[in-house]
Every structure is written in structure tokens, then in C-alpha cells.
Amino acid sequence: MNIFEEIGRRVFASRERKVAYIEENIERWRLEGRLLNEIRKKLRISREKMSQYIGCADSVLKRFEAGLYIKRRKVIFNSYVTALKYIVTRDVSAINGLRRQ
């Protein structure tokens with residue numbers, strides 16, 4: 001086998017692993033994306049504003065909420081959850097501040 005055949009074999013094997021990874025996780029990603037999207041909408045936060053909080057492109061957040069494959073999914077997920085926690089804590093603090101006045 002020459003070097004080009006070996007490279008081709010490895011690339012094909014890598015694609016097969018990626019496809020298998022996506023197929024194994026797609027349903028969970030869709031559920032997570034749908035739930036986070038609903039929470040974001042209930043808090044009346046635009047996708048554009050949330051992408052600014054997270055530090056990613058709006059198109060990446062759109063794919064994330066749709067449950068599609070994106071690179072660095074764990075980073076986006078963790079940033080999304082952290083941003084939601086911050087927003088809720090900030091809003092609760094503001095409401096509590098109004099009650100004290």
C-alpha cells in the first residue's frame with residue numbers, strides 16, 4: 001500500500017467515526033437544544049443577545065439549538081448554561097432590590 005492509499009484509508013475511517021458519533025448523539029443534542037431554546041425564549045432573550053453572552057456567532061447558536069453537529073459543543077453548552085444562570089441571578093437580584101425599596 002502506498003502513502004496515498006494509507007492517507008485515504010485513514011481519512012475514510014475518520015469520517016466513519018464522525019458519522020457514528022453524530023448518529024449516537026443527535027437525539028440528545030436535539031432535546032438539549034430544544035429545552036435551552038425554550039428557556040431562552042421564556043426569558044425573552046434574543047438568539048443574537050445570547051450569542052453575545054456566550055461569545056459565539058449567531059449561526060453557531062442557531063445550529064446548537066437545532067441539535068445539529070457543531071465543533072466545541074461542550075464549550076458552547078457550558079457557556080450557554082452559565083449565561084442562563086447569570087441572567088436569572090441578575091434578574092432575581094433586580095426584583096429583590098425593587099421589593100426592598
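Of the 101 residues of the chain, 25% count as buried, where buried means under 20% relative accessible area, exposed over 50% and partly exposed in between, computed with a 1.4 Å probe on protein chains only. The model is a predicted one, in which local features need pLDDT of at least 70 and side-chain atom pairs count only at pLDDT 80 or more, while totals for chains, interfaces and linings use all residues. Residues are numbered from 1 along each chain as its sequence is written, and side-chain values use heavy atoms, with hydrogens and water left out.

The chain holds four helices and zero strands, and from the N terminus on its elements run α-α-α-α; helices (H or I, at least four residues) and strands (E, at least two) are DSSP runs, numbered from the N terminus. Among contacts between residues at least 6 apart in sequence, 55% join residues at least 24 apart, a contact being heavy atoms within 4.5 Å.

Helix α2 (residues 47–54) and helix α3 (residues 58–65) have axes that come within 9 Å and cross at roughly 105°, which makes α2 roughly perpendicular to α3. Here the axes are lines fitted to C-alpha atoms, for helices over the stretch in contact, and angles run from 0 to 180 degrees between N-to-C directions; angles under 35 degrees count as roughly parallel, over 145 as roughly antiparallel, 65 to 115 as roughly perpendicular and the rest as oblique. On the α2 side R47, E48, M50, S51 and I54 meet D58, L61, K62 and E65 of α3. By class, this contact has three nonpolar, one polar and five charged residues, with Ala, Val, Leu, Ile, Met, Phe, Trp, Tyr, Cys and Pro counted as nonpolar, Asp, Glu, Lys and Arg as charged, and the others, Gly among them, as polar.

The largest nonpolar core has 13 residues, of which M50, I54, L61, F64, I76 and Y80 touch the most other members; such a core is a set of buried Ala, Val, Leu, Ile, Met, Phe, Trp, Tyr and Cys residues joined through side-chain atoms within 4.5 Å. Helices α2, α3 and α4 (73–100) each supply at least two residues of this core, and the largest share, five residues, comes from α4. Not counting residues up to four places away in sequence, L61 touches R47, M50, S51, I54, C56 and Y80.

R40 lies in helix α1 (residues 3–42) and, at 5% relative accessibility, counts as buried. Leaving aside neighbours within four places in sequence, R40 is in contact with I45, S46, R47, M50, E65 and Y80. Y53, found in helix α2, counts as partly exposed at 33% relative accessibility, and, with neighbours within four places again left aside, Y53 is in contact with I45, A83, I87 and R90. G55, in the loop between α2 and α3, is exposed, with a relative accessible area of 65%.

| Pair | Atoms or groups | Distance |
|---|---|---|
| R40 and I45 | R40 side chain to I45 backbone oxygen | 2.8 Å |
| Y53 and R90 | side chains, polar contact | 3.2 Å |
| Y53 and Y80 | C-alpha to C-alpha | 8.1 Å |
| G55 and S79 | C-alpha atoms | 8.3 Å |

Technical notes
Polar contact = N/O pair within 3.5 Å; in protein donor to acceptor, adjacent residues only side chain to side chain.
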